[in-house]
Every structure is written in structure tokens, then in C-alpha cells.
Amino acid sequence: MLQSPRMTHMKESSRIIFWNIRAGGGKRIDGIADQLLAWQPDIIGLSEFRGTPASQALAERLRESGFLHQIQTVNPCELAKNALLLASRFPMSTVKSKHMPTLRERWILAKVAAPSPLTVGLMHVPNYTHPTLKYPFLEAVLKMSGNWRRGPAILGGDTNCGKRNIDEEKPMSGGFQREHDFIVGMEERGWADAFRSLHGDRREYTWYSHRNNGFRLDYAFLSPALTPQLSATRHEWGIDPTQPGRRDGLSDHAALIVDIASPPAIS
């Protein structure tokens with residue numbers, strides 16, 4: 001069954017959800033919308049959002065539910081192509097940063113006027129079948145992060161990356177090294193892995209291959225200025241009430257839920 005809503009929404013914190021909804025949502029879109037709203041987020045970042053009727057119906061449902069501020073990267077000439085949706089209860093505007101990725105459909109960077117303002121980056125990194133797109137994308141994120149001067153920020157989404165051994169249920173021989181190096185590189189630049197910051201070496205997986213091998217591919221990185229405000233983070237599989245025992249009833253990815261507390265008031 002769906003997660004129970006919080007009785008009162010905590011005004012002193014902001015909840016951010018990153019979720020790959022798989023191929024635009026399709027017939028699952030009503031369940032996806034219900035689940036998102038049950039989680040009570042303030043900011044939503046969706047991967048594999050599309051220009052299709054199902055995805056656009058989701059955007060409208062969110063708008064009617066208070067997410068008035070939205071940024072889409074849908075290509076009007078390719079409505080069925082995977083893109084992104086960033087939706088917020090707070091005003092936001094796109095910004096640019098030096099070295100940031102240039103794949104328009106797979107990257108958004110926005111300043112969000114939350115109670116405690118922050119910059120949100122939403123990404124969907126290409127998978128291993130497109131190495132000429134994937135690795136330049138990762139290098140761009142590393143370069144941008146290493147030169148970050150915009151203060152509190154969170155960069156999240158489907159990274160198609162993970163650390164070897166700990167973020168893969170059955171370690172693959174060869175492969176995954178450059179993806180591992182990307183995660184380590186973000187940490188070396190001072191960006192905290194939200195999940196590991198609070199849960200250490202706990203093993204959880206956010207996507208399973210056709211061979212049922214689990215991987216943690218969905219990440220959120222916090223800038224040094226935002227890391228102290230991290231209060232909670234968890235993975236949640238969306239539950240389809242008509243198929244409550246099915247892990248991937250709504251998507252083949254788990255959502256990543258991150259709670260950011262407002263900084264203490266300065267007296």
C-alpha cells in the first residue's frame with residue numbers, strides 16, 4: 001500500500017524526490033502521480049519523462065496539486081524521446097554553470113526559491129550503450145562540480161553509475177570502473193553522496209537487470225554548503241495498489257527521497 005502522508009508538512013524542511021518513471025509512465029501514470037503525491041515532496045525531478053499524453057497528464061496533475069513551477073526538456077520534434085521534468089512548489093529559474101553537460105534532454109540546472117534557497121541539478125546520464133555520450137557527460141559534471149561557486153546545491157537523478165562491489169549485488173568482471181571513478185571523483189570534490197552520508201555501507205539497489213542483478217544507480221550529491229542540512233534520505237519503490245507484491249509495478253527504478261532541513265537561524 002502507499003506510504004501514509006505526513007500529518008503536517010514540515011515547513012522547516014524541503015523534500016526532494018528523484019525518480020526514473022520508465023518510458024514516460026504509460027498506463028502506470030495515475031499510479032505514479034498518486035505515489036508521488038503520497039510522498040509529499042516539495043521538489044520533484046523525473047527522468048524518462050516524455051512529451052507523450054501520459055507524461056503531460058502527469059505534469060498537469062502535479063500542477064493542479066501545487067507544483068506550479070515546472071521545467072521540461074522535451075524535444076518538440078521527438079515527443080517519445082526520454083527527457084526530464086523538474087517540478088516545484090517554489091519559484092525556480094534555469095541557470096548555467098561553467099562546464100555543465102550540454103545534452104539538453106538529459107540535464108537541468110535551476111535556482112529554486114525554497115525557504116532555504118538552493119540550486120537543483122537534475123540528470124539522466126546515458127547508459128553504457130552510448131559511451132560517446134556517457135563519459136563526456138560524466139566529465140562535464142565533475143568539472144562543473146570542481147569549480148562550483150553557487151553555494152547550496154543538490155545534483156541528482158539516474159546516474160547509470162555506482163561504486164564497484166558495494167553498489168552492485170553481483171560484482172561484474174571488468175566494466176563499471178569509469179562509473180566507480182565518477183562517484184569517487186564527486187566525493188573528492190567535496191560533494192556528499194546523500195545516501196551513504198546517512199547509511200554508511202548499507203547495501204540497497206535502485207534498479208535490477210534482466211538477470212536480476214541489483215545496482216544502486218540513482219544518486220543525489222550535496223555541495224559542501226548543503227551537506228550539513230541533510231536530515232534524511234531513503235529509497236522507495238513505488239507501489240501499484242493493484243499489484244502490491246510487485247517491486248517494479250510503477251517503475252523499474254526506486255525513487256530517491258531526500259529531506260533538506262533549513263539552516264539554524266542566526267541570532
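Leaving out residues up to four places away in sequence, leucine 217 touches Gly157, Asp158, Thr159, Asn160, Cys161, Phe176, Thr206, Trp207 and His253, where contact means heavy atoms within 4.5 Å. The model is predicted, so local features need pLDDT of at least 70 and side-chain atom pairs count only at pLDDT 80 or more, while totals for chains, interfaces and linings use all residues. Residues are numbered from 1 along each chain as its sequence is written, and side-chain values use heavy atoms, with hydrogens and water left out.

Leucine 217 sits in the loop between strand E11 (214-215) and strand E12 (218-222). Helices (H or I, at least four residues) and strands (E, at least two) are DSSP runs, numbered from the N terminus. Is leucine 217 buried or exposed? Its relative accessibility is 6%, so leucine 217 counts as buried. Buried means under 20% relative accessible area, exposed means over 50%, and partly exposed is in between, with a 1.4 Å probe and protein chains only. The C-alpha atom of leucine 217 is 9.9 Å from that of glutamate 179, and the two residues are 38 apart along the chain.

Rolling a probe the size of a water molecule over the atoms shows where empty space is left. The search uses a 1 Å grid over the protein atoms alone: a cavity is a set of points where a 1.4 Å probe fits but cannot get out, and a pocket is an open set with protein on both sides within 12 Å along at least five of seven lines; lining residues have an atom within 4 Å of a point. Grid points are joined across faces, edges and corners, and a volume is the space filled by probe spheres set on the points.

The volume of the largest pocket is about 670 Å³. Which of its 28 lining residues are the closest to its centre? They are Asn127, Tyr128, Asn160, Trp207 and Leu217. The lining of the largest pocket divides by class into nine nonpolar, twelve polar and seven charged residues. Here Ala, Val, Leu, Ile, Met, Phe, Trp, Tyr, Cys and Pro count as nonpolar, Asp, Glu, Lys and Arg as charged, and the others, Gly among them, as polar.

The second largest pocket holds about 220 Å³ of space. It is lined by 14 residues, and the closest to its centre are Thr94, Met100, Trp107, Ile108 and Leu109. Strand E3 and strand E6 (107-112) are the elements that give two or more residues to this lining, and E6 gives the most, with three residues. By class, the lining of the second largest pocket has eight nonpolar, four polar and two charged residues.

The largest cavity has about 40 Å³ of space, and its lining consists of Ser14, Pro115, Ser116, Leu118, Ile260 and Ser262. Three of these residues are nonpolar, three are polar and none is charged. Ser14 is also among the contacts of aspartate 259, along with Arg15, Gln229, Leu230, Ser231 and Ala232, leaving aside neighbours within four places in sequence. Aspartate 259 lies in strand E14 (residues 255-261) and, at 9% relative accessibility, counts as buried.

The volume of the second largest cavity is about 30 Å³. Phe18, Trp19, Asn20, Ser47, Gly157, Asp158 and Asp218 line it. The largest share of this lining, three residues, comes from strand E1.

Helix H1 is mostly covered, with seven of its ten residues buried. These are Ile29, Gly31, Ile32, Ala33, Gln35, Leu36 and Ala38, and they pack against E1, E2 and H2. Just after H1, glutamine 40 has a positive phi of about 55 degrees.

Helix H2 (residues 53-64) has twelve residues and reaches 16 Å from its first C-alpha to its last, close to the 16 Å expected; the expected span is 1.5 Å times one less than the number of residues. Which residues of H2 are buried? They are Ala54, Ser55, Leu58, Ala59 and Leu62. Seen down the axis of H2, these residues fall within an arc of 145 degrees, so they line one face of the helix; the arc is that of the directions from the helix axis to the C-beta atoms. They pack against helix H1 (29-38), strand E2 (43-49), strand E3 (69-72) and strand E4 (83-88). The face of H2 turned away from its buried side carries the exposed residues Pro53 and Glu64.
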